[in-house]
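Please read the following alongside the sequence and the 3D view. The account begins with one residue and widens to the whole chain.

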Amino acid sequence: IGQASGVEKRHSCLGTINGHFFGRQGLGNDEELEVRNGVFKEEAPKLAIEAAKIAIRDWGGDKSRITHVVAVTCTGIMIPGLEFHIMTGLGLPLNTQRLSIQFMGCFG
């Protein structure tokens, strides 16, 4: 499945992970879930807002037409959720509909 995904290169804010996304394998350290999630809380909003801005630019539409923000995470969890950070980071109205699906692993 991974080879057929079309993904040519993967990136991680955790540094080189040697293809391992679970446990301590490939990290070369003793980072626990709490430490990893701390990195997620710091980095995910920045990455998501940047990606959303690029998507809006590529779309060429007016962001005032955005009515919903949906965010799905596979490896992190935060409250308020990633969708809230995207909404506020883009300057969308606070009554924008939001859906947050967090910490879903490969289902995300």
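In this predicted model, Val72 counts as partly exposed because its relative accessibility is 41%, which falls between the 20% limit for buried and the 50% limit for exposed. Val72 is found in strand E1. In sequence, Val72 and Met104 are 32 residues apart, yet their C-alpha atoms are 7.7 Å apart in space. Met104 belongs to the segment after E2, and with a relative accessibility of 34% it is likewise partly exposed.

Val72 and Met104 are both members of a nonpolar surface patch, together with Val70, Leu99 and Ile101.

Is Thr96 buried or exposed? Thr96 is buried, because its relative accessible area is 8% and the cut-off for buried is under 20%. Leaving aside residues up to four places away in sequence, Thr96 touches Thr67, His68, Val69 and Met87. Its side chain also reaches the backbone oxygen of Pro93, at 2.6 Å.

Met87, one of the residues touched by Thr96, is also one of the buried residues of H2, along with Leu82, Glu83 and Ile86. Viewed down the axis of H2, these buried residues fall within an arc of 135°, so they line one face of the helix. What do the buried residues of H2 pack against? Their partners are helix H1 (33–59) and the strands E1 and E2. Just after H2, Gly91 takes a positive phi of about 75°.

The elements can now be placed in the whole chain. The secondary structure comes to two helices and two strands, and along the sequence they follow the pattern α-β-α-β. Among contacts between residues at least 6 apart in sequence, 61% join residues at least 24 apart. Of the 108 residues of the protein, 23% count as buried. The protein exposes about 7900 Å², and carbon and sulfur atoms supply 56% of that area.

Notes. Residues numbered from 1 in each chain as written. Predicted model: local features only at pLDDT ≥ 70, side-chain atom pairs only at ≥ 80, totals over all residues. Heavy atoms only, no water. Patch = residues over 30% accessible without salt bridge, like charges linked within 9 Å, V, L, I, M, F, W, Y side chains within 5 Å. Areas by Shrake-Rupley, 256 points an atom, 1.4 Å probe, with all protein chains shown as cover. Salt bridge = Lys/Arg side-chain N within 4 Å of Asp/Glu carboxyl O. Helix = DSSP H or I, 4+ residues; strand = E, 2+ residues; numbered from the N terminus. Buried < 20%, exposed > 50% of the residue type's maximum accessible area, 1.4 Å probe, protein only. Polar contact = N/O pair within 3.5 Å; in protein donor to acceptor, adjacent residues only side chain to side chain. Contact = heavy atoms within 4.5 Å. Arc of directions from axis to C-beta.
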